Amino acid sequence: MEKAERCPTCKRLKRRSNNANARFWLLLHLIAENVKPEGKAYTAEQFHIYFKQKFLGMNEVALPNGKTIMFPKSTAELDTAEFAEHMAKVEQWAIERNIFMDELEPT
């Protein structure tokens, strides 16, 4: 894995670009349009949650009522290298189902 970039001023890890985010959501919409498990349609947001759980894992979240729930880790917390790795996993998942990103590229 490549080393994550940091802001030269504040030294925080750089987050994904707007273009990377747009590309990711285009892929999620393409998946939602073409993958219908057992004939059932799911939204891009539902696939987003599914992929977070599948590839990033879950966090335990304690609630004020004393209960604990499991919640998918957030992609917003990923640095650029981690997001690129997540995107590659989602794209590979799509490719295995004959969904290709070149279908999203303008002609």
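Good morning. Among contacts in this chain between residues at least 6 apart in sequence, 52% join residues at least 24 apart. Please keep in mind throughout that this is a predicted model.

Let me set out the chain as a whole. Its secondary structure comes to 3 helices and 2 strands, and from the N terminus the elements follow the order α-α-β-β-α. The chain has 107 residues, of which 26% are buried. Its accessible surface is about 7,600 Å², with 52% of that belonging to carbon and sulfur atoms.

Helix 1 covers residues 18–34, and its axis lies 11 Å from that of helix 3, at an angle of about 20 degrees. Angles under 35 degrees count as roughly parallel, so helix 1 is roughly parallel to helix 3. The crossing of helix 1 past helix 3 is left-handed. On the helix 1 side, the contact is made by A20, R23, F24, L27, L28 and I31, and on the helix 3 side by F83, H86, M87, V90, E91, W93 and A94. Sorted by class, the residues of this contact are 10 nonpolar, 1 polar and 2 charged.

Helix 2 and helix 3 pack with their axes 11 Å apart, at an angle of about 110 degrees. The range from 65 to 115 degrees counts as roughly perpendicular, and the two helices are therefore roughly perpendicular to each other. Here, helix 2 passes helix 3 in a right-handed crossing. From helix 2, the residues F47, Y50, F51, K52, K54, F55 and L56 meet H86, K89, V90 and W93 of helix 3. This contact of helix 2 with helix 3 comprises 7 nonpolar, 1 polar and 3 charged residues.

Where does T75 lie? T75 is found in the loop between strand 2, residues 68–72, and helix 3, residues 80–95. Is T75 buried or exposed? Its relative accessibility is 4%, and because the cut-off for buried is under 20%, T75 counts as buried. Setting aside neighbours within four places in sequence, T75 is in contact with R16, H48, K52, L56 and H86.

Thank you for your attention.

Terms used: Residues numbered from 1 in each chain as written. Predicted model: local features only at pLDDT ≥ 70, side-chain atom pairs only at ≥ 80, totals over all residues. Heavy atoms only, no water. Helix = DSSP H or I, 4+ residues; strand = E, 2+ residues; numbered from the N terminus. Buried < 20%, exposed > 50% of the residue type's maximum accessible area, 1.4 Å probe, protein only. Contact = heavy atoms within 4.5 Å. Axes fitted to C-alpha atoms, helices over the stretch in contact; angles between N-to-C directions. Parallel < 35°, antiparallel > 145°, perpendicular 65-115°, else oblique. Left-handed = near helix turned anticlockwise from the far one by under 90°. Nonpolar A, V, L, I, M, F, W, Y, C, P; charged D, E, K, R; others polar. Areas by Shrake-Rupley, 256 points an atom, 1.4 Å probe, with all protein chains shown as cover.
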